[in-house]
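Trainee: Could you walk me through this structure, please? I am new to reading models like this one.

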Amino acid sequence: MLGQKILTLDLGTSSVRASLSVQKGDRFQFIIKSAPSRGIKNGNITNLASAKESLSSVLNSLKIESSVALPNEAYVIVPGGCTLGYQVEASIEFPGIKTISHNDVNVVKNKAKDELLRIKGQTVKSYYEVIHVVPQEFIVDSVDGIQNPIGRSGKKLTMKAFIVLASRSHVKTISDLLKELNLKLKGVVLQSFASSYGIRQPNSYFNNNLLLYIGAGNTEFIYFREDKPVLSRHLPFGSEDIIDFLIKKLKVSRTEAERLYKEYGSAYAFNVNKEEIIHINYGSRTIKVPKILIPALIHQKLKEIFKDIKSILSEENSDYLENLSGVYLTGGLSKLKDITVLAEKIFKAPVTVPSLSNSEIGDVALSPIVGVTNYIVSLTDRKKLSDIKEDLTKSYEKTGSFFASLWRFITDII
Ligand SMILES: Nc1ncnc2c1ncn2[C@@H]1O[C@H](COP(=O)(O)OP(=O)(O)OP(=O)(O)O)[C@@H](O)[C@H]1O
Ligand SMILES: [Mg+2]
């Protein structure tokens, strides 16, 4: 019998992707289709009709290739630029000693949400909605470091958490777009957060690690401590900005800039032979330049962005950089030649482009897509609460019941 089926959509700056992952035993098999992105810039939908066309074409290819019907609801990846992330702490006290239930966790979560929205004020409250509440730790009375407090007894429950908010208008636009394609929006997942799940192995423990996602239009990063996010930020930069920079500096056409990037692109100019000469095309004219020129321009741009990331980290907490034990680079730009060399020089820590948790998928640009499935699976982990969802309570309570198995059987066959 087939297990869970998860439909994930990624509306990226360069590509629109749709993935169907189907559970077979304790693993998931993926079918991933992609099409050039139209009407989407930095994750924002700038032209609804074009975005719909891209998405519709990619969904059709997925339907053709998959042997099972697609679910009628989808998870959608949201880019960091539409989100905000904060650390919060909230506590609730019980009249006497009590065994902590799902409901108590939901109450402390709602208190944390309300408290955050109160501190951030009316603007954030009106324009943003909570999409992730990732517990960092629970404290029951004086016992700290608890991953899942359900079933423990105490008088006071405290939760430290990382809360991610997403722009209401972005979520509404996505939901409307999906509706036009007869799909329901099941949930949204922050791109970099999804990416961190895409590279998780069973023994992964991110501590003082920086996860960096660099795509075609977005740079997003999350700093992890004790395996939990403590900071998430976004910079509007990606490979498209490198192409624009080449166009501006070399005064070439877009096609020529894309060719130069593809053929000679590299992030670390000092590794390039200074003697080598290449040709740059200007319509009917061609000029000869040293090959190092292209990597030098890319090097300059990437150095700026890595330095910006460093400044944000050190402004937030000087420990973040001092204790940095490693950087994971994901997203399409992490495939650029020598990007880890440059990143290591700047971050002064080991930098790796990690493999994905699903070893059959070799493309690190797909880390967010693969990560959404891992993230959904993590929601049912009983040892630690990875994200507190309203529907988690229901699925926890129903697991194992006759109706739950019947429902799973029905959803498998439709
Ligand atoms: N081998 C490579 N070398 C250099 N750059 C590459 C390579 N392969 C892909 N890229 C760059 O990665 C980009 C795509 O990255 P990705 O798929 O992560 O972006 P996206 O999801 O479409 O955009 P975003 O998430 O930023 O909105 C391409 O536009 C391309 O420039
Ligand atoms: Mg992307």
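Mentor: Gladly! A nonpolar core is a set of buried Ala, Val, Leu, Ile, Met, Phe, Trp, Tyr and Cys residues joined through C-beta atoms within 7 Å. A residue is buried if 20 or more other C-beta atoms lie within 10 Å of its own, exposed if 12 or fewer, and partly exposed in between, with C-beta atoms placed from the backbone. This is a predicted model, in which local features need pLDDT of at least 70 and side-chain atom pairs count only at pLDDT 80 or more, while totals for chains, interfaces and linings use all residues. Residues are numbered from 1 along each chain as its sequence is written, and chains are lettered from A and ligands numbered from 1 in the order in which they are written.

Trainee: Which residues touch the most other members of the largest nonpolar core?

Mentor: That core has 97 residues. Strand β10 (residues 153-167) gives the most to it, with eight residues; strands (E, at least two residues) and helices (H or I, at least four) are DSSP runs, numbered from the N terminus. The residues touching the most other members are Val189 and Leu212.

Trainee: Is Pro135 buried or exposed?

Mentor: Pro135 sits in strand β8 (residues 128-140). Beyond neighbours within four places in sequence, Pro135 is in contact with Met159, Ala161, Leu385 and Ile388. Because 23 other C-beta atoms lie within 10 Å, Pro135 is buried.

Trainee: How far apart in space are Lys345 and Lys303?

Mentor: Along the sequence, Lys345 and Lys303 are 42 residues apart. From C-alpha to C-alpha, the separation in space is 9.6 Å.

Methods: Contact = placed C-beta atoms within 7 Å.
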